[in-house]
Amino acid sequence: MSFTIALHQRAFKFPALIFSCSFHYIRHKSIDPESFYTSLLEKSTQKTHLKQIHNQLYTHGLHENGFIITKFIHVSSNLKETEYARQVFDEFPKPYVFLWNAIIRGYSLYNMLDEVVEMYSRMQHAFVAPDAFTFPYVLKACGGLMAVRIGQAVQAQILRCGFEDDEFLRNGILSLYVKCGGNNRARVVFDGLRNKSVVSWTSIISGYAQNGQPIEALRIFREMRGSDTKPDWITLVSILKAYSDLEDLEQGRCLHSLVIKIGLEYEPDLRIALTSLYAKCGQVMAAKSLFDQMKIQNVILWNAMISGYAKNGYADKALELFHEMISRNIKPDAVTIQSSVLASAHLGSLHQAKSMDNYVNNSEFKNDVYISTALIDMYAKCGSVDLARKVFNQTLDKDVVVWSAMIVGYGLHGQGREAINLFHEMKDAKIRPNDVTFIGLITACSHSGLVDEGWDFFKSMKDYGIEPSQQHYASVVDLLGRAGYLENAYNFIKAMPFEPGVSVWGSLLSACKIYRHVILGEYAADKLFSLDPLNTGHYVQLSNLYASVHMWEGVGKVRVLMQSRGLNKDLGYSMIEINGKLEAFRIGDKSHSRFNEIYEKVEWLENRLLEYGFVVDSESSLHDLDKEDKKMSLCNHSERLAIAYGLISTDPGTTLRITKNLRACVNCHLATKLISKLVNREIVVRDLNRFHHFKDGICSCGDYW
DNA sequence: CTAGGGTTAG
């Protein structure tokens, strides 16, 4: 044996020589051909080696030696030569179970799941009985394909073959049900296990962690810690996911300490899970620091960081990382693209949106329905419902999420009629609406003043078997409230089947602010202050309501309340994109290099507005300023600065696109309407909640926002 | 030669 090995170490330095000699050695030195070719195959690193060996096998009449051919298929598969392996398999006269296992393993290795199932089925037709090594591949393939019916047939076959007590296979079945049979079925299998290994525990825990039951996952983890089985790093990855989903930073940190304590902190994939935990819980700095320490070429690590940035409002950093990834030749996958498109949506820059769309179009993901959905959402959020529609039209096999994204997009832009038309088209296409479809529809109606239509949609939900959620109720309150039916909205809330939450009371308060209904507004605000005490938006809304009816002592009271809770009003800013570059302006901002020109333009606008008879509604909108600032700030609101800058830096007639971090104020809204007319420009403003398209002196929101 | 994990659209 040692002689054979020594021989083969030379073999690939002089492959031609060794191949020509091999027959001689086998025949005359009595070397066992099976060991000989096994060693030779194990040294093979490329297809040409395999071909040479294959030729030798034919020459020496060994091409029907099952042991060698099994090994051959195994090695070919490892070298990613699945097609070649298949060819050799097909040439074998009557393959028996080892050969079948080898070829099935090869497909399994590269996630060619359909092929795994197909070969398993062919094996049955060839009346070859599977053994205990066949089933794990097949079960895994069924799990990956979500093919629970086939999986059950496989399970039946396992019983027929007498493997029902095989612990390995039981864990495989458990994993199958975790992936596609639901947690209850998986639980039955888990409870039936006599010996629960770390793999069994991890499977069931991950099942709950992945199917939206993190609390149950953690409960079973506690149970596990009471058993003899010690969790390993893969178990902890699942637990980290449970904590991330619960956004339980405290427990997540405790687990981080545990990881360090048991010496697993340098396990790369566990560190990735930790990065993801911090990113998801809003601890972007902590995540970035872990990320920087690793910075390995692992797409999941980069995805975790990119999506973390995107979710926590660091759209620019998310996109920066995306570009860095490309420049480092780390291949983005579908998840990377989704997160980056999401970041582009948050950024609000149409220029960036187009460039992202362009990237997708030139990539292998251009027909990925998930990504198309994200693109539709992105264009809608970046102000172009038309481009969103274009992507929508080009999307093949539109599912309910695609349709819903487009409906929500129309809603965002106050195009209620288009949303309704699309809904009818969707029904004609036999796509069943879901809960989000109705949120989109009701919101679209609400933003367009289509009260009856919106109400009918809400009522029709039960016909589709959809239970209205908190969000649906909030949309209806918004629908009724915006149209002035405040009492109806309040009665509607009282009749809700569960406790109204922040979104419901928030909708009512906004409506009360529009219609200056103090009593109801105070009531809603009171609820909000206890449910969501740290959100400054609610305080500002109530303060605005008081100001609109000249209740200055109320304004003062809110200010004191905010101070006592240590809150400051969010500073307003507006961004505008010029030549693909986003620039931000704050109230009274003088830092811009062209600020002289900008202020000149602002003053010019101010004078034109006065000529036009623009009257400042001074009480309702200047809540956040001291009286002496009022006059000054009229022309300094950040939105006005952005418009002025847009006017001096673009050609006449160019659409201006502005993004604000707060709601549009009454004065700015009124002024922007007039400005759109007097400079003959379309001005698109994205505020905190929706889009306003200003054109010819009117706004798409119909003055409801 | 076999079973468990991390990123994920409206």
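User: Which residue forms a salt bridge with Arg-253?
Analyst: Arg-253 pairs with Glu-250, and their closest N and O atoms are 3.5 Å apart. Just so you know, this is a predicted model.

User: Where do those two lie?
Analyst: Both are in helix α16 (residues 249-261), three residues apart, which is about one turn of the helix.

User: Is Glu-250 buried or exposed?
Analyst: Glu-250 is exposed, because its relative accessible area of 52% is over the 50% cut-off. Arg-253 is partly exposed at 34%.

User: Nice. How many salt bridges does the structure hold?
Analyst: There are 23 salt bridges.

User: What about Glu-364, which residue is its partner?
Analyst: Glu-364 forms a salt bridge with Lys-331, with the closest N and O atoms 2.5 Å apart. Glu-364 sits in the loop between α22 (350-361) and α23 (369-381), and Lys-331 in the loop between α20 (315-327) and α21 (334-347), so this pair ties together parts that are 33 residues apart in sequence.

User: And how exposed is Glu-364?
Analyst: Glu-364 has 59% relative accessibility, which counts as exposed. Lys-331 is exposed too, with a relative accessible area of 56%.

User: Switching topic: where do Glu-611 and Arg-608 lie?
Analyst: Both belong to helix α35 (residues 595-611), three residues apart. Glu-611 is exposed at 62% relative accessible area, while Arg-608 is partly exposed at 26%.

User: Which residues do salt bridges with shared partners join into one network?
Analyst: That network consists of Arg-187, Asp-191, Glu-216, Arg-219 and Glu-223.

Technical notes:
Residues are numbered from 1 along each chain as its sequence is written. Chains are lettered from A and ligands numbered from 1 in the order in which they are written. This is a predicted model: local features need pLDDT of at least 70, side-chain atom pairs count only at pLDDT 80 or more; totals for chains, interfaces and linings use all residues. Side-chain values use heavy atoms; hydrogens and water are left out. A salt bridge is a side-chain nitrogen of Lys or Arg within 4 Å of a carboxyl oxygen of Asp or Glu. Helices (H or I, at least four residues) and strands (E, at least two) are DSSP runs, numbered from the N terminus. Buried means under 20% relative accessible area, exposed over 50%, partly exposed in between (1.4 Å probe, protein chains only).
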